[in-house]
Amino acid sequence: MTAAHDLQYMAYAIQLAQRGLFTTDPNPRVGCVLVREGVIVGQGWHQQAGGPHAEIVALEDAGEQAKGADVYVTLEPCSHHGRTPPCVDVLIGAGVRRVIMAMEDPNPLVSGAGQKALLAAGIEVITGVCAEQSAALNPGFISRMTKQRPFVRCKLAMSLDGRTAMTSGESKWITGQAARRDVQHLRARSSAILTGVGTVLADDPAMTVRDLGDDVAKVEWRQPLRVVVDSQLRITAQAAILQQPGETLLATLLSENKMQSLTALSNVSLVQLPASNARVDLVALMAYLAEREINEVLLEAGATLCGAMLQAQLIDELVIYMAPHLMGDQGLGLFSLPGLESMTDRISLDIKDIRALGDDWRITATLKN
């Protein structure tokens with residue numbers, strides 16, 4: 001049975017890891033606490049790729065008091081050379097007594113290697129303490145390592161009667177300020193924001209992180225990659241999404257010589273992908289994004305792309321903001337899902353969370369099975 005103090009210190013390590021929610025990409029969010037004789041002597045979290053890992057920050061914080069300490073870390077210490085040297089070597093050199101980790105590294109090439117090195121050095125290793133909470137910090141990193149595709153979170157805003165826009169296409173604003181600010185947090189934690197060319201042509205969105213609020217005003221977040229699914233390159237060089245800081249990627253079926261006016265823009269890139277039913281193969285797109293070390297994708301699109309992603313079983317989580325008003329039966333729906341004709345065709349969801357945001361409600365759900 002896990003001791004109460006082990007749960008307490010690991011919970012604190014998870015809180016530390018959360019401080020890297022907007023900054024560690026493409027690395028996982030990791031926190032670490034060093035405890036010696038019941039006293040915290042060192043703490044740290046991974047802040048950004050290329051910077052020191054959480055264990056190194058905590059060891060430096062502890063100094064000489066690290067010797068004989070217990071190490072609480074939310075992810076298995078690395079045992080390989082990446083952007084930084086292996087953490088297990090530094091832990092062994094510091095003379096720590098125990099390493100308590102929440103979960104193994106999901107990377108199949110290195111999973112378990114850190115534990116093995118620590119055990120070989122005579123250091124006691126305990127695993128699985130607050131594993132579920134640690135995994136919730138890094139759904140994209142875990143998905144990329146185990147499924148070879150990013151974790152996809154689909155964000156939608158709707159009226160109480162399930163409409164995303166009026167029949168004219170007008171949709172600003174369905175939800176209030178609190179819900180819209182919450183969306184900015186979803187964007188900031190994402191590696192990429194995915195939309196379709198139909199949304200770009202209809203709404204001309206910027207798809208950038210803007211207002212995170214005073215609570216995270218000092219965080220040095222970066223603009224996620226913006227991805228536009230545009231099979232026939234209907235987007236124009238004047239589109240707002242192409243004028244923003246950071247990179248915009250166009251996923252298309254056409255070759256680069258068809259888009260000279262677009263590639264002339266310094267922040268625009270293109271990937272030519274195979275076709276599926278005359279449209280960009282979404283499975284191939286997800287595999288390509290994984291190759292680019294994209295962990296979490298926020299899908300902000302219309303009914304066509306959202307429906308196609310859902311039917312391709314590429315959506316891991318739905319975040320639906322529901323506003324307390326009615327928009328009528330002529331308004332636009334959430335998903336285009338051809339082929340659902342009987343009750344047995346329904347797509348069942350598990351509601352994970354419901355909470356109020358101002359006058360609106362945020363519903364978080366996953367697909368059953």
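**View 1. Strands β1 and β2 run antiparallel in this predicted model.** Strand β1 (residues 31-36) is joined to β2 by 6 bridges. L34 has G42 of β2 as its bridge partner. Strands are DSSP runs of E with at least two residues, helices runs of H or I with at least four, numbered from the N terminus. Two strands pair if DSSP finds at least two bridges between them. Residue numbers start from 1 along each chain as its sequence is written, and side-chain values use heavy atoms, without hydrogens and water. Local features need pLDDT of at least 70 and side-chain atom pairs pLDDT 80 or more, while totals for chains, interfaces and linings use all residues.

**View 2. An open sheet has 5 strands.** Their order is β2-β1-β3-β4-β5, with mixed pairing. β2 (39-45) and β5 (124-127) are the edge strands, each pairing on one side only. From one strand to the next, the twist averages 15°.

View 3. Axes are lines fitted to C-alpha atoms, for helices over the stretch in contact; angles run from 0 to 180 degrees between N-to-C directions.

**View 4. Strand β16 (residues 360-367) holds W361.** W361 is partly exposed, with a relative accessible area of 40%. Partly exposed lies between buried (under 20%) and exposed (over 50%), with a 1.4 Å probe and protein chains only.
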